Protein chains: 2
Amino acid sequence: MQLFFYDSLLGETFTFSEEESKHCIKVLRHKIGDTLLLIDGKGNLAEASIDQAHPKQCSGRILKVTQFEPTLPYQLRLSIAPTKQHERMDWLVEKAVEMGVHHIGFIQCQNSERPRINLERLHKIAISALKQSKQYYLPTFSNLLPFKEALSQGEAELKLIAYCLSEQDNSLFSFLQNHPKTIHLMVGPEGDFSPAEIALAQAHGFKTCSLGKNILRTETAALFGIAAAAAVLGQTET
Amino acid sequence: MQLFFYDSLLGETFTFSEEESKHCIKVLRHKIGDTLLLIDGKGNLAEASIDQAHPKQCSGRILKVTQFEPTLPYQLRLSIAPTKQHERMDWLVEKAVEMGVHHIGFIQCQNSERPRINLERLHKIAISALKQSKQYYLPTFSNLLPFKEALSQGEAELKLIAYCLSEQDNSLFSFLQNHPKTIHLMVGPEGDFSPAEIALAQAHGFKTCSLGKNILRTETAALFGIAAAAAVLGQTET
């Protein structure tokens, strides 16, 4: 069944955004009294009913809330240097949400190509991917930070920085086999991290890691990390 | 350094396609006598020099050929039901080439949304991704086949069919841990494979496999499989 997004399911009522109202009333032609399923991206699923079938401001009552546990037994924080083409970040966010990620932060590196990102747009894509893949937890996002500041954001048991010149022995898989519960993965721009940035990351407890012999684009490298974590940690028999 | 594509490096000369000629002569402004690096997608890298700097038919001599071994120690054959939006197949092909895949075949399933694909377009995207990621082996493609016929295409040690209703125990990771050398992975349409298709695949030696608890789009499921194989099999210490 179709899911709708409303970011607070703790009260007794809901009022959709203009976009969600239009989708619900104009596109899907819901009427007063119809029952809907709402998610808030914080683990809650609500049954709700429409009181006002307004095409720009649909509202109603929350009838029942069920809380879900996260599906993945680990948390992955991704820090990434945005690509010049915003489409590449768009689809990264969509795929990352489908496969599972807990936070996406953007970083400004020495070789960065692009100084700005549109967080609002990425947030919308994330909500859409969440609804499409029937999940209950929306990742959080953080705006462009200088590389150095991002190094100390968030706590993680395993802190990795993807680096083309890393020794092949330090494979991502070898790190995942230790079953970390929290991971912070840093992915650099097309020109990779600079040696100075790598040294700084190492001083902050990050280990360099190899993503294999093939040279991956920034967004492919990020997706490779997210998929590998989901395959190895999300699918391990416990 | 920039790589150019020419599909036969066994002779003594090359003549670029109109597109490659334009890129070489008009965009990159190469001249007679310039040395280029050519790949053929079959493991060969050639040094060549330009004799005719024609913007539509650039040609020259092959000076030296070096053959490379495949970078990945396994072969992955993907069979996938094409999505309705061709953009989703476009980027799947780009990412699959970057991460590593040996064959991409398209299948027509009971719940398929789309009867045609543009192989020529996908082939171009694959060549571009190959050049960008500095690889020497281009995957092969095969055109839309009925699901039943695709089941007997290609030999593989491990034959898997991704299925949402598969038991979580049959995780992709658990199969990859046996280090197969050749894999055939089947990924179905948005409505998944039908029970009859699953039964038919099982009769052909395929095992159902789970890609985790999250519901993935067709192209995401394929990418998840390709990334997991690359992470587990391509990065294992030997």
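Helices (H or I, at least four residues) and strands (E, at least two) are DSSP runs, numbered from the N terminus, and the expected span of a helix is 1.5 Å times one less than its number of residues. The views below come from a predicted model, in which local features need pLDDT of at least 70, side-chain atom pairs count only at pLDDT 80 or more, and totals for chains, interfaces and linings use all residues. Residues are numbered from 1 along each chain as its sequence is written, while chains are lettered from A and ligands numbered from 1 in the order in which they are written.

**View 1. Helix H2 of chain A and its surroundings.** After H2(A) comes Gly100(A), with a positive phi near 120°.

**View 2. The open sheet of chain A.** Chain A has 7 helices and 11 strands, and 6 strands form an open sheet with parallel pairing in the order E8-E7-E6-E10-E9-E11. Two strands pair if DSSP finds at least two bridges between them. Strand E8 (140–146) and strand E11 (207–209) of chain A are at the edges with a single partner strand each, so one side of each is left without a neighbour in the sheet. Within chain A, 4 bridges join strand E9 (residues 158–162) to strand E10 (residues 182–187), and the two run parallel. Look for Lys159(A), whose bridge partner in E10(A) is His184(A).

**View 3. Strand E9 of chain B, wrapped on both faces.** In strand E9 (residues 158–162) of chain B, 5 of the 5 residues are buried, so the strand is largely enclosed by the rest of the structure. Leu158(B), Leu160(B) and Ala162(B) are buried on one side, and Lys159(B) and Ile161(B) are buried on the other. In a regular strand the side chains alternate between the two faces of the sheet. E9(B) runs parallel to strand E10 (residues 182–187) of chain B, with 4 bridges between them, and Leu158(B) stands opposite Ile183(B).

**View 4. Where the H7 helices of the two chains meet.** The axes of H7(A) and H7(B) come within 8 Å and cross at roughly 80°; axes are lines fitted to C-alpha atoms, for helices over the stretch in contact, and angles run from 0 to 180 degrees between N-to-C directions. The two helices are therefore roughly perpendicular to each other (angles of 65 to 115 degrees; under 35 is roughly parallel, over 145 roughly antiparallel, and the rest oblique). Leu223(A), Phe224(A) and Ala227(A) are among the contact residues of H7(A), and Leu223(B), Phe224(B) and Ala227(B) among those of H7(B).

Notes: Buried ≥ 20, exposed ≤ 12 C-beta atoms within 10 Å, placed from the backbone. Contact = placed C-beta atoms within 7 Å.
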